Amino acid sequence: MPSKAVTDEIVISALTALEKLTAHTSNKNIIFGDEHQIFMEIRCIKIPHSKGNIKFVLPHSTVLSSKEVCLVTPDIKKGKKVDHEPTVDKWEELLRGAGVTSVKTILPMRQLRVEYDQFELKRRLLTQHDFIMVDTRVLNHVSHILGKMFFKKHNMLIPVKIDETKDVKKDIDVGLRTVMLRISAGQTTTIVVGHTGMQQNDIKENILAVVNMLNKKFPGGEANIRGLAIKLPLSLSLPIYMTLRPGSSVKTVPKLKHPKPKSHVMYEDELSTHLRSTVRVNPDGTVKLKLQPQKKKERIVEDDILSDGDDNQEDDEMDDDGDEE
């Protein structure tokens, strides 16, 4: 299993080899002296049937030293005509009082709706920041406004739960140490474990932390992992774990469980326009039609009724013929 096979020596040797490999690349590729993200490739045995995001909290932050961090916050007062400057001032004062210096940009929800309604403006927001944290209270609205473009880049739209009455600095620190593993339809997924400006020991601790958490968080557990490797965006993958277990060793891969809010209520009732069916309406507006299976006894009774109806119809026709004669 990866948690037992991946040791400190293996990770350190892989990081050293990655540094030497990158040092011999051409100038067109990434130079190891610059700060660029380091990824871990996770290859599974059986592909998960569901898509989703898995959150990992690492021992060390993966934010680049430039620290272009943006925090999307809820508004003090809701409404399109309400000015968002008081919200910015409130959050800047709150972060300053808590001793938070890593967040460079405060982006209220109203400002996001009004000023970033065009595709090019959203792209500019994406390129200007290395890390975007979103308050969990407005996460669903932000993801709907910005679209799938922000989910393609790593460490974008990181959810952070901020309690303004408690330790805000601790909440921000947890958000900066959070990375997302995006499960797609493919066999290989990647997750950020650090960048080239970090200390080698910090990268090693992040990699080992991800490996130890895979058993609980990855679909199918660590038994469903075929291989692990580390790489840069334009470098070769250096394996740190590989297994040749057959696919039959993994029986089932459970679906990802998506947390549902307290207000998540589904309504289900019979459909009058369609016999033996029920309709279910989800909170997101999707409608599903469920057909109820017909029992054997009901089919027999229906057949008998239909056959009796046919016999009565024949008798009526014969009576009508006799009357005419």
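Biologist: Two strands pair if DSSP finds at least two bridges between them. With that in mind, how many residues lie between β9 and β10 in their hairpin?

Modeller: The hairpin formed by β9 and β10 has six residues between its two strands. Helices (H or I, at least four residues) and strands (E, at least two) are DSSP runs numbered from the N terminus. Please keep in mind that this is a predicted model, in which local features need pLDDT of at least 70 and side-chain atom pairs count only at pLDDT 80 or more, whereas totals for chains, interfaces and linings use all residues. Residues are numbered from 1 along each chain as its sequence is written, and side-chain values use heavy atoms, with hydrogens and water left out.

Biologist: OK, and in which sense do β9 and β10 pair?

Modeller: They pair in the antiparallel sense, over four bridges, and one example to look for is I230, whose bridge partner in β10 is L238.

Biologist: What else pairs with β9?

Modeller: Strand β1 also pairs with β9 in the antiparallel sense, and there the pairing runs over six bridges. If you find F39 in the structure, you will see that it stands opposite K231 in β9.

Biologist: Is β9 mostly covered or mostly open?

Modeller: It is mostly covered, since seven of its seven residues are buried. Here buried means under 20% relative accessible area, exposed means over 50%, and partly exposed is in between (1.4 Å probe, protein chains only).

Biologist: Which residues have the most contacts inside the largest nonpolar core?

Modeller: They are M40, F56, I191, I207 and L228, in a core of 34 residues. Two or more core residues come from each of α2 (8–23), β1 (37–44), β2 (52–57), β7 (178–183), β8 (188–195), α8 (200–217), β9 (225–231) and β10 (238–242). The largest share, six residues, is given by α8. A nonpolar core, as the term is used here, is a set of buried Ala, Val, Leu, Ile, Met, Phe, Trp, Tyr and Cys residues joined through side-chain atoms within 4.5 Å. In soluble globular proteins, nonpolar side chains tend to be buried together.

Biologist: Changing topic, what is the strand order in the open sheet of four strands?

Modeller: The order is β4-β3-β5-β6, and the pairing in this sheet is parallel. Its edges are β4 (103–108) and β6 (158–160), and because each has a single partner strand, one side of each is left without a neighbour in the sheet. Elsewhere in this sheet, β3 (residues 69–73) and β5 (residues 131–135) pair in the parallel sense over four bridges, and V72 stands opposite V134 in β5.

Biologist: And which strands make up the open sheet of three?

Modeller: That one runs in the order β11-β12-β13, and its pairing is antiparallel. Its edge strands are β11 and β13 (287–291), each of which pairs on one side only. Strand β12 (residues 277–281) pairs with β13 over five bridges, and within β13 the bridge partner of V279 is L289. Over in β11, which covers residues 267–270, you will find Y267, and this residue is exposed, with a relative accessible area of 60%.

Biologist: Salt bridges next: how many does the count come to?

Modeller: A salt bridge is a side-chain nitrogen of Lys or Arg within 4 Å of a carboxyl oxygen of Asp or Glu, and by this rule the count comes to five.

Biologist: Which residues are linked in a network of salt bridges?

Modeller: The network links K90, D135, R137 and E164. Within it, the side chains of R137 and D135 meet at 2.8 Å, N to O, and although R137 is partly exposed at 47% relative accessible area, D135 is buried at 0%. R137 also bridges to E164, with the closest N and O atoms 3.2 Å apart. Because R137 lies in the loop between β5 and α6 (139–146) and E164 in the loop between β6 and α7 (168–176), this pair ties together parts that are 27 residues apart in sequence. E164 is partly exposed, with a relative accessible area of 28%.

Biologist: What does R177 form a salt bridge with?

Modeller: Its partner is D173, and the closest N and O atoms are 3.1 Å apart. R177 counts as buried at 19% relative accessibility, whereas D173, at 37%, counts as partly exposed.
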